[in-house]
Amino acid sequence: MSATHAYVEHTAFRVRAIAPLVTYFRDVLGMTVTQVDGDPAAPRQVWLLGGVQMIEDPHFDGNEGRFGHLGIVCEDVPAAIEATLVHGGRSTEKGPHWMVLPDGLFLEFMPQKNEAVQKIRALDPRG
């Protein structure tokens with residue numbers, strides 16, 4: 001039996017420039033900005049409808065975005081943290097709800113609101 005139920009709420013990527021990617025996701029996929037960190041005209045980070053977080057890193061030099069972390073909404077965050085510790089994970093300097101797995105994968109555990117986990121897990125977007 002699992003310690004809790006959850007779903008991946010967002011994935012975070014480091015990108016060289018946020019503005020052209022915001023335009024792309026908006027114009028091509030209809031994914032609008034839901035949250036901004038920093039000056040809206042030149043944000044440090046943005047979150048898009050559909051679960052994409054982009055973190056501007058102008059020094060990044062590569063063809064693909066650099067993965068940052070998985071944001072996971074949980075029914076029971078403390079249970080997820082305890083189970084992660086049992087599986088060899090450890091907390092990070094970012095705070096108690098941030099964990100890193102033994103292979104280096106960063107996870108951000110967030111509490112659900114309004115029974116979100118049950119509702120999201122009940123959806124079948126491909127069905």
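A polar contact is a pair of N or O atoms within 3.5 Å, where, within protein, one atom must be able to donate a hydrogen and the other to accept it. In this predicted model, the side chains of Gln 45 and Gln 53 make such a contact, at 2.5 Å.

## Gln 45 and Gln 53

Gln 45 belongs to strand β3, which covers residues 42-48. Gln 53 belongs to strand β4, which covers residues 52-56. Are these side chains buried or exposed? Gln 45 has a relative accessible area of 15%, and because buried means under 20%, Gln 45 counts as buried. Gln 53 is buried as well, with a relative accessible area of 3%.

| Residue | Partner | Distance |
|---|---|---|
| Gln 45 | Asp 37 | 2.8 Å |
| Gln 45 | Gln 53 | 2.5 Å |
| Gln 53 | His 10 | 3.1 Å |
| Gln 53 | His 69 | 3.5 Å |

Each residue also touches others. Not counting residues up to four places away in sequence, Gln 45 touches Ile 18, Gln 35, Val 36, Asp 37, Gln 53, Met 54 and Ile 55. With neighbours within four places in sequence left aside in the same way, Gln 53 is in contact with His 10, Thr 11, Ala 12, Phe 13, Gln 45, Val 46, Trp 47 and His 69.

## Salt bridges

How many salt bridges does the structure hold? There are 2. In one of them, Asp 37 pairs with Arg 44, and the closest N and O atoms are 3.1 Å apart. Asp 37 is also the residue whose side chain is joined to that of Gln 45 by a polar contact. Arg 44 is exposed, at 54% relative accessible area.

Arg 26 forms a salt bridge with Asp 27, with 2.8 Å between the closest N and O atoms. Arg 26 has a relative accessible area of 41% and is partly exposed. Asp 27 has a relative accessibility of 53%, and because exposed means over 50%, Asp 27 counts as exposed.

## The sheet

Strands β3 and β4 are part of an open sheet of 8 strands. In what order do the strands lie? The order is β2-β3-β4-β1-β5-β8-β7-β6, with mixed pairing. At the edges are β2 (33-39) and β6 (90-92), each of which pairs on one side only. From one strand to the next, the twist averages 30°.

Helix α2, made of residues 77-86, packs on this sheet and touches β5 (66-74), β6, β7 and β8. The direction of α2 makes about 155° with that of β8.

Strands β6 and β7 run antiparallel and are joined by 3 bridges. A hairpin of 2 residues connects β6 to β7. Thr 92 stands opposite Gly 95, which is in β7.

Strand β7 (residues 95-100) also runs antiparallel to β8 (residues 106-111), again with 3 bridges. Which residues of β8 are the bridge partners of Trp 98 and Val 100? Trp 98 has Glu 108 as its partner, and Val 100 has Phe 106. The hairpin of β7 and β8 has 5 residues between the strands. In this hairpin, Gly 104 takes a positive phi near 100°.

Key:
Residues are numbered from 1 along each chain as its sequence is written. This is a predicted model: local features need pLDDT of at least 70, side-chain atom pairs count only at pLDDT 80 or more; totals for chains, interfaces and linings use all residues. Side-chain values use heavy atoms; hydrogens and water are left out. Two strands pair if DSSP finds at least two bridges between them. Helices (H or I, at least four residues) and strands (E, at least two) are DSSP runs, numbered from the N terminus. Axes are lines fitted to C-alpha atoms, for helices over the stretch in contact, and angles run from 0 to 180 degrees between N-to-C directions. Contact means heavy atoms within 4.5 Å. A salt bridge is a side-chain nitrogen of Lys or Arg within 4 Å of a carboxyl oxygen of Asp or Glu. Buried means under 20% relative accessible area, exposed over 50%, partly exposed in between (1.4 Å probe, protein chains only).
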